[in-house]
Amino acid sequence: MRKDITFTSKGLRCSGWLYVPDDLKSGQKVPAIVMATGFTGVKEDVLPDYAERFVAAGFVALAFDYRFLGDSEGEPRSQVFPLEEAEDYRNAITWVSEQPEVDPRRIGIWGTSYGGALAIWVGTFDKRVKAVVAQVPAIQHPPPMRRASNPEGWDRLGELLLRDRVERYKTGVVNYMKVVAPEGEPCYLPGKEAYDGFMAIVAKAPNWRNQITLESLEKMREFDAVSSIELMSPTALLLIPAEKESLIRSYMDAVKATYERAREPKNMIVLPIGHFEIYREPWLSKSADAAINWFKQYL
């Protein structure tokens, strides 16, 4: 059902797992789903739970590690540049489209959390994609609105990033910040919910690193995954947000505004949960079934 694969992106090796239905007939080609995990995540964390359901439903599924993360190549480690990850995503689409079991005209993409935001961006601009599912997607307001919601915090981080930029230029040093930490310790995603949520996920992913380069934070705050979402149509978009999301300010307002701007075909299924509950039953199966139904309809 699952085999180790590699593909190249910007001259570096990306590591992945290809899931193929075991009942395919010789020469049969089926739709493929290319999967994107969450913030700083690796393919071992939540992707297998969904990939196994997708392959059981008759799809080929590809889970992979972005460059600089997991088993993929790239230095410095733990670098998260959204547009570079989108490049890896698109190269994964190219690779899977060339596989003998895959119908290249029927490609879907699925992303969770930060991977959901990347799936939206990729689905907007890459017209090989025919259907997008973004669950608990890290949708945020545009940068000016983000700053307006917390100008002191925005500017304080900006000052830190400028100091890092100068130091990086002068010395080449790579500075890091923890992704999550126990209460009271500095990190990018503070709070017990984030810490407990990540710890539960990465229990299955021992090669995950609790760190991110400061340069990544600079690139992330400049990234706007949904600014051009009107261009996605006729690609079909399904959003599965968490109504009780607390990791992102004004989350449901941003999600609803994004959905309103998107064009048909589209749908939104709002789950009455917090961010990390989607990876536990019954919500794991509910979200996977919703994605499968969407892909069956549009691939």
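Contact here means heavy atoms within 4.5 Å. The structure is a predicted model.

By that criterion, and leaving aside neighbours within four places in sequence, Trp95 is in contact with Ile5, Thr6, Phe7, Leu18 and Leu62. Trp95 lies in helix H2. Its relative accessible area is 17%. The cut-off for a buried residue is under 20%, so Trp95 counts as buried. Trp95 and Pro282 are 187 residues apart along the chain, and their C-alpha atoms are separated by 33 Å.

Leu62, one of the contacts of Trp95, points from strand E4 the same way as Val60 and Phe64. Ala61 and Ala63 point the other way. In a regular strand the side chains alternate between the two faces of the sheet. Strand E4 spans residues 60-64, and five of its five residues are buried, so the strand is largely enclosed by the rest of the structure.

Strand E4 pairs with two strands, E2 and E3. Strand E2 covers residues 12-19 and pairs with E4 in the antiparallel sense, over four bridges. Within this pairing, Gly16 has Phe64 of E4 as its bridge partner. Strand E3 covers residues 30-36 and pairs with E4 in the parallel sense, also over four bridges.

Two packed helices are described by the angle between their axes and the distance between the axes. Helix H2, residues 82-97, packs on helix H3, residues 114-125, at an angle of about 65°. The axes are 10 Å apart. The angle therefore makes H2 roughly perpendicular to H3. The crossing is right-handed. On the H2 side the contact is made by Pro82, Leu83, Glu85, Ala86, Tyr89, Arg90 and Ile93. On the H3 side the residues are Tyr114, Leu118, Ala119, Trp121, Val122 and Phe125. By class, this contact holds 11 nonpolar residues, no polar ones and two charged ones.

H5 passes H7 in a left-handed crossing. H5 contributes Trp154, Leu157, Gly158, Leu160, Leu161, Asp164, Arg165 and Arg168 to the contact. H7 contributes Leu214, Glu215, Leu217, Glu218, Lys219 and Arg221. The contact of H5 with H7 comprises six nonpolar, one polar and seven charged residues.

Terms used
Residues numbered from 1 in each chain as written. Predicted model: local features only at pLDDT ≥ 70, side-chain atom pairs only at ≥ 80, totals over all residues. Heavy atoms only, no water. Axes fitted to C-alpha atoms, helices over the stretch in contact; angles between N-to-C directions. Parallel < 35°, antiparallel > 145°, perpendicular 65-115°, else oblique. Left-handed = near helix turned anticlockwise from the far one by under 90°. Nonpolar A, V, L, I, M, F, W, Y, C, P; charged D, E, K, R; others polar. Buried < 20%, exposed > 50% of the residue type's maximum accessible area, 1.4 Å probe, protein only. Pairing = 2+ DSSP bridges.
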